[in-house]
Amino acid sequence: MRYILDMSIHNRTGALERILGRLRQRQFSICSLTADCPVAGMMTARITVESSRDPELAVKQMDKLIDVERVDLERLEGEEHDVFQSQKTTAEYCRPV
Amino acid sequence: MKGADILMKALVSEGVDTVFGYPGGAIMPVYDALVHAPIKHVLTRHEQAAAHAAEGYARVTGRVGVCLATSGPGATNLITGLANAFLDSVPMVAITGQVARPLMGTDAFQEVDIFGISMPVVKHSYIVESVDELAAVVNEAFKIARSGRPGPVLIDLPKDIALAECETPDCRGGQFDAVPRPEARQLNQARDMIAASRKPLVYAGGGIRIAGAEQELLAFVEATGIPVVTTLHGIGAIASGHPLNLGMLGMHGTRAANLSVQECDLLIAVGARFDDRVTGKLDEFAPHARVVHLDGDPGEVSKLRKADCPVPGEIKTSLNFLHVRPGDIEPWIAVTMKRKAELAFTYDAPGEFVYAPAFLKKLSDARTPDTVITCDVGQHQMWVAQHCSFDSPRSHMSSGGLGTMGFGLPAAIGCQFARPDATVIAVSGDGSFMMNVQELATLKRYDLPVKIVLLDNKSLGMVRQWQKLFFEERYSEVDLSDNPDFVSVARAFGIEAMAVESRDQVDEAIERIYRSEGPLLVHVLIDPRANVWPLVPPGRNNSQMLEESTA
């Protein structure tokens, strides 16, 4: 299933890299990414991720990062699913949107 | 004032009195500043050991441990230590030298992207970009390391910044994610669930030590009468000897703990994270239980097992609010207590070899109130968890999340520096011990009275056990019968050593461990065929424990 993470980030060294690495490690594949720096020191990023894992887990992991100021979740498709049924993750790379 | 001097000043202002490290080219300005700084530097003989020692120091004190290394290989050698601290949530600050900024990105000598390499195993990290921000970076790093769920923070310090003169110091530095207060609605729901339960059980983890909530856990358990099982890192969160403590659960947990978990109707997870070594087959773990999950890290709640009542937030506050005794708990207490008594470990193993569980039990029974036991990883680690008693989670130090062989001796060194008067015992195996054997030189150099108990079965015992049970006895690279003579090795480093080869030598060895003043290595020859029981096979649920007779 696909979700959009809409984030506001302190644009310090490695901030975006840290976010992408954490998403990968937690089994969320990145489908698309747009980022911008509207004001000095801050970055906004809109990241579409795909995973069979509960998207709340991605939000919680992003929340833990020091550089992340705010993260909102938008569900793109699919229905609410149970964490218990989401243990099996696909190893397939996501196709471009 | 130069950058390196600012670093020293900032460390002192954070209350740092001891750092562990190893010098080299890019960090030489820092070592130059150390000469006159009021900070004790402990030279380990490998950077990995410096990181583990800093972790030992942090775990036993609850303060932030600090380690130093140079760029390139010095920095990469810290990685295992950082990963260990990350997975076990230990507050640390690692400072690495880096090549000067004009050389960064040019493949300079001993240049490596340690900021990038370390990223997945640190809570946060910095490349210092200006000498003016250095003090603020150090201040922030310490706050981040100890706030919320603690963890390691890395500061990569380019050499030119360490040498630069500071003109206008930047004083930024914010507050970071303190653990939130739990919500009243969730606490009320948890109270109702506890009141309505008939077979409740507390599943206590390392989060109790992190929150300093040992007293609150004890008060909760005594007010509610609910029996407790602990994880590896929950050991000591409630005293091993407490009547309601059923022991460790999981792969090598006690039968009483595992069977009770599989039967309970309410599992109250407190600072625990449903690790795979705890749960066995996840969807058959505690199959009859609803789950209340108290954790300081909201990211752990419902990560693997969906909580019926999630209670993220301060554990102390939550536990204090939940003093409600279930209406009809006595029959359940009676069942669990009977089981605990009937299924207790026995120590009358036949044979000539020293029986490791009996040795460890005797060692533990003779403990002083200030005894700390550190472990390496493998069979001996599980025997310590099963057969030693602990009255505080800070007196048991084990590499839980990462399972790092070689952790025990350097961690003991860090502990002993933090608590010079404590009896610090490193229990190791012949495999693990060789992974940081060079730290015997550190023991000698500082005349640290660490006692090493080396349980030698001439093999990689845990791997051998799995090959026996799950790979049809095809033994692959587990034979260590060509080990060196460990007594001679210790003596070559100038450390006293003795061998224990039969059961009648055990009492003398234990007496010597607690009586002798300097460092000591006790080499204990154990049965090369001994295994750890019970064992939950991989992919099975926790009621399917193998015993020696059934394996």
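Two strands are said to pair if DSSP finds at least two bridges between them. With that rule in mind, this predicted model can be read through an open sheet of six strands in chain B, where the pairing is parallel.

- The six strands of the open sheet follow the order β9-β8-β7-β10-β11-β12 in chain B.
- Because β9 (245-248) and β12 (309-312) of chain B stand at the edges with a single partner strand each, one side of each is left without a neighbour in the sheet.
- On average, and with direction ignored, neighbouring strands of this sheet are turned by 15° against each other.
- Within chain B, strand β7 (residues 200-204) and strand β8 (residues 228-230) are joined over three bridges in the parallel sense, and B:V202 stands opposite B:V228 in β8(B).

**Helix α1 of chain B**
- In helix α1 (residues 3-13) of chain B, the buried residues are B:G3, B:A4, B:I6, B:L7, B:M8 and B:L11.
- These buried residues of α1(B) pack against α2 (28-34), β3 (65-69), α7 (134-146) and α8 (159-163) of chain B.
- After α1(B) comes B:G15, which has a positive phi, near 85°.

**The contact between chains A and B**
- Chain A gives 14 residues to the contact, and chain B gives 15 residues.
- On the side of chain A that touches chain B, the elements that give two or more residues are α1 (15-25) and α2 (55-64) of chain A.
- The residues on that side of chain A divide into four nonpolar, six polar and four charged.

Key. Residues are numbered from 1 along each chain as its sequence is written. Chains are lettered from A and ligands numbered from 1 in the order in which they are written. This is a predicted model: local features need pLDDT of at least 70, side-chain atom pairs count only at pLDDT 80 or more; totals for chains, interfaces and linings use all residues. Helices (H or I, at least four residues) and strands (E, at least two) are DSSP runs, numbered from the N terminus. Axes are lines fitted to C-alpha atoms, for helices over the stretch in contact, and angles run from 0 to 180 degrees between N-to-C directions. Two residues are in contact if their C-beta atoms, placed from the backbone, lie within 7 Å. Ala, Val, Leu, Ile, Met, Phe, Trp, Tyr, Cys and Pro count as nonpolar, Asp, Glu, Lys and Arg as charged, and the others, Gly among them, as polar. A residue is buried if 20 or more other C-beta atoms lie within 10 Å of its own, exposed if 12 or fewer, and partly exposed in between; C-beta atoms are placed from the backbone.
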